[in-house]
Amino acid sequence: AAKEDGKGGATLFSRDLELRVQERTHMENSLQAALRSRRELFVFYQPIIDLYSGRVTAREALARWHHPQRGWISPGEFVPVAEQCGLIDQLDEFVLHQACRSAAQWKDGAHVAVNISAIQLGRETLVPAVAAALACSGLSADRLEIEVTETALLGDEQGGIQDLLTLRQMGVCISLDDFGTGYSSLAHLRAFPFDKIKIDGSFVRDALVRPECAAVVRAIADLGKRLGVRTVAEGVETEEQLALVRKEGCAEVQGYLYGRPVPGADDVERVSRLDPGMVVR
Ligand code: C2E
Ligand code: MG
Ligand code: MG
Ligand code: MG
């Protein structure tokens with residue numbers, strides 16, 4: 001369509017596209033370099049609190065990238081790039097190893113939750129990578145939780161489910177992340193018996209101002225109770241939101257109210273040299 005707009009339009013269009021392609025290629029190359037050198041990549045941890053005991057039951061491992069020119073780049077930006085250019089297995093494996101190693105040092109015995117990309121399910125590399133991370137760190141499998149997002153299961157369902165079953169047999173806990181935002185949420189619950197359902201933060205954030213979001217939180221919490229699956233409310237920022245998700249029966253909460261993602265103990269110094277603001281909670 002751009003071609004029909006006349007010469008000017010076509011040039012603008014192709015220049016814009018060219019710029020975006022260049023930017024993308026540049027990001028792919030620098031991500032590859034970052035994965036090789038490991039100096040710019042970090043794993044941050046955010047507490048997940050059990051509402052019954054009030055204790056930190058787990059910490060979610062979240063990838064962080066500090067680019068020498070651009071500064072912090074959000075995983076919302078670089079995870080999709082890694083997925084599209086075939087670097088996601090390396091990224092997830094890096095986070096998995098770091099996370100297991102860190103968690104093995106935690107004195108409170110909390111679990112560690114690691115995000116595994118959609119694309120990895122049903123590939124031969126996932127189960128061996130998890131086994132290797134556990135073996136290298138000495139972390140017991142029952143302290144590892146694997147979070148998969150809803151879209152993860154859409155592709156090659158069979159291979160994906162088999163991987164989840166194998167991980168479960170090893171003792172790993174499996175969570176369904178960002179519940180409510182993907183396609184065929186309910187079909188996923190039938191395809192695999194998840195240990196936890198994480199309610200997407202967008203519903204929690206708006207629950208007090210939009211009745212339909214509160215209704216979704218309540219419906220997911222009810223569903224969890226009926227299925228015997230623990231529900232985790234993500235994105236809890238205020239006392240009011242906490243009261244709401246507690247009333248609806250969520251088992252666990254995660255959000256800025258309890259703590260932002262912070263670097264692991266071994267990385268605090270390195271991160272504070274780059275950006276002191278990132279180490280305070
Ligand atoms: P997620 O797995 O749903 O992680 C929760 C996201 O919500 C994190 O964003 C976290 O920082 C943010 N968050 C937590 N509490 C609050 C809150 O109270 N308010 C607000 N506004 N946000 C909150 P983050 O770290 O930017 O990560 C975004 C997404 O990137 C993650 O969503 C996950 O899907 C993906 N991701 C992060 N690290 C990895 C990784 O190592 N591997 C893969 N495959 N994906 C990752
Ligand atoms: Mg997650
Ligand atoms: Mg989530
Ligand atoms: Mg998410």
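Modeller: Contact here means heavy atoms within 4.5 Å. The model is predicted, so local features need pLDDT of at least 70 and side-chain atom pairs count only at pLDDT 80 or more, while totals for chains, interfaces and linings use all residues. Residues are numbered from 1 along each chain as its sequence is written, and side-chain values use heavy atoms, without hydrogens and water.

Colleague: Which residues of α8 and α9 meet?

Modeller: From α8, V217, R218, A221 and K225 meet L244, V245, K247 and E248 of α9. By class, this contact has four nonpolar, no polar and four charged residues. Ala, Val, Leu, Ile, Met, Phe, Trp, Tyr, Cys and Pro count as nonpolar, Asp, Glu, Lys and Arg as charged, and the others, Gly among them, as polar.

Colleague: How are two packed helices described?

Modeller: The angle between their axes and the distance between the axes are used. Here the axes of α8 (residues 211–227) and α9 (residues 239–248) come within 9 Å and cross at roughly 40°. The two helices are therefore oblique to each other; angles under 35 degrees count as roughly parallel, over 145 as roughly antiparallel, 65 to 115 as roughly perpendicular and the rest as oblique.

Colleague: Which residues of α9 are buried, and which are exposed?

Modeller: Buried means under 20% relative accessible area and exposed over 50%, with partly exposed in between (1.4 Å probe, protein chains only). Q241, L242, L244, V245 and E248 are buried. Seen down the axis of α9, these fall within an arc of 165°, so they line one face of the helix. On the other side, E239, E240 and K247 are exposed.

Notes. Chains lettered and ligands numbered in written order. Axes fitted to C-alpha atoms, helices over the stretch in contact; angles between N-to-C directions. Helix = DSSP H or I, 4+ residues; strand = E, 2+ residues; numbered from the N terminus. Arc of directions from axis to C-beta.
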